[in-house]
Amino acid sequence: MQCEDIREQLSAYLEDELEAGARRVIEDHLRQCAGCRTELTLLRRTVATLRSLEELEVSPRLAAAVDRRLPTRGPSPWERLTSWLFFPLHVKVPLQAVALLLVSVGAVYLYRSAPELAEAPRPSVAPQSASRDLHATGPASVPEEADRLDRAAPAKPAEEPAGRVEGQAETRKERITQEQERAGARSPGFRQEAPAAATPQPEMKAKEKGEAFGDTAGAARALRKQAPVGATSASPSAEVILKTSDPTRAIVKIREIVGALEGTVDEKEEGTLIVTIPAKASARFFSGLKDLGTLVSPPAESPSTPSSEGPVTLSVRLIP
Amino acid sequence: MYRMVGDRPTAEDLTQEVFLKAYEALPRFRKAAALSTWLYRIAHNHCLNVLGERGREVVMTRANGTPDANPIALAADPGASAEQVLEQRELRAIVQEKLNELTPEHRAILVLRDIQGLSYDEIATALHLEGGTVRSRLHRARMELKEKLRRYLEA
């Protein structure tokens, strides 16, 4: 082995890090090579000199100076909060990410499983009349049913849900008719307050259909709106009883009034007229009736007439 | 720190800065290493930064008036006890001066191993080195210092 190779290992030899074989090779070489022995001696003295360097006494003013320069106050509340929230980053940031993910998934699940939440943003679609309608007819299940259909088959607009809702719409039609009759007997003002509930309004239907395009719930609502059409046109929507001293003259006068209002009069039986007039003319009709005698039923005016359009059919019975 | 920069006031300034840095970094201290090793690491990095900024001027501030005598040889003389203390001081000054002439990397590894007595593993952690690199760098640093001290050591 060359002297250069030996000298490369002198540090390890000094540190006693060599294996027995390598150590023996170096010692054999050192016995024969004075130059390498000198190098080893110089290296040993170098290390010994370094190790003999005395430990330095730390100046007392150093500790005082460090103490002075350290922040006198603790971390601010904000620093404590961020430290508490985020440090150690390698643990807390992944934890926070997982927590956020869980909350998000939970929110989506809750939204999907709670119909009230899905329904919440919709009220602007259904006009006020819809809610009045609902109140007027009591606890009808049509809106809920329609909404369920809406969620179940959103891709099929109108057809299937409309068919399924039809039966309920029929039921509802009857209910509305009964309601109208009750309301007519009870309070003529009631219907004026909620005209849309009793009589369909073509432009409103169109509007609702437009808004509810592709929405089966909207289609079902439109169907509901159509139900009262048959109710008002097929049979008298209310009975009017007029007490008059001269029924014969009253019949003539009623015919005149109705003629002036562009309506029709049919005498069903003696003393009872079936009057069909435009809805908007009903106020004038009732006002004319009051000139002929006393309205027994309804006691006030215009029981079932919506303000806008469409014919209204009334049964007018004359009693002496 | 003094062995690294060779100047006591500068060493004290740097020591203060190292402790302040360590204080600020304490929340990020992981107990994977001993606190002392972690401190050595901060000190070493700070030292290298400062030395890199100021060049070698810091470590050369004391490099005036190399003694002509051979203090190491004198120190070995058992009869010179009266002068020995003075010579020992001179010897330390020479070793420090020669240390200052080394590269900061060689200086750091000699300080940590032969003056502070750290293990190879601790040095590897403090200087962010592989174990093999620690050994080879230590050997080269010793050989370089030995050559610088040769005339004092050979007498």
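In chain A, 67% of the contacts (heavy atoms within 4.5 Å) with a separation of 6 or more join residues 24 or more positions apart. This is a predicted model, in which local features need pLDDT of at least 70 and side-chain atom pairs count only at pLDDT 80 or more, while totals for chains, interfaces and linings use all residues. Residues are numbered from 1 along each chain as its sequence is written, chains are lettered from A and ligands numbered from 1 in the order in which they are written, and side-chain values use heavy atoms, without hydrogens and water.

Chain A holds 17 helices and five strands, taken as DSSP runs (helices H or I, at least four residues; strands E, at least two) and numbered from the N terminus. Of its 320 residues, 37% are buried, that is, under 20% relative accessible area with a 1.4 Å probe, protein chains only.

The buried area, meaning the accessible area (1.4 Å probe) lost on putting the two together, summed over both, is about 3100 Å², with 59% from carbon and sulfur atoms. Leu50(A), Leu53(A) and Arg69(A) supply 19% of what chain A buries there, more than any other three residues.

Seven salt bridges link chain A and chain B, each a side-chain nitrogen of Lys or Arg within 4 Å of a carboxyl oxygen of Asp or Glu. One of them pairs Lys146(B) with Glu39(A), whose closest N and O atoms are 2.2 Å apart.

Definitions and conventions: Buried means under 20% relative accessible area, exposed over 50%, partly exposed in between (1.4 Å probe, protein chains only).
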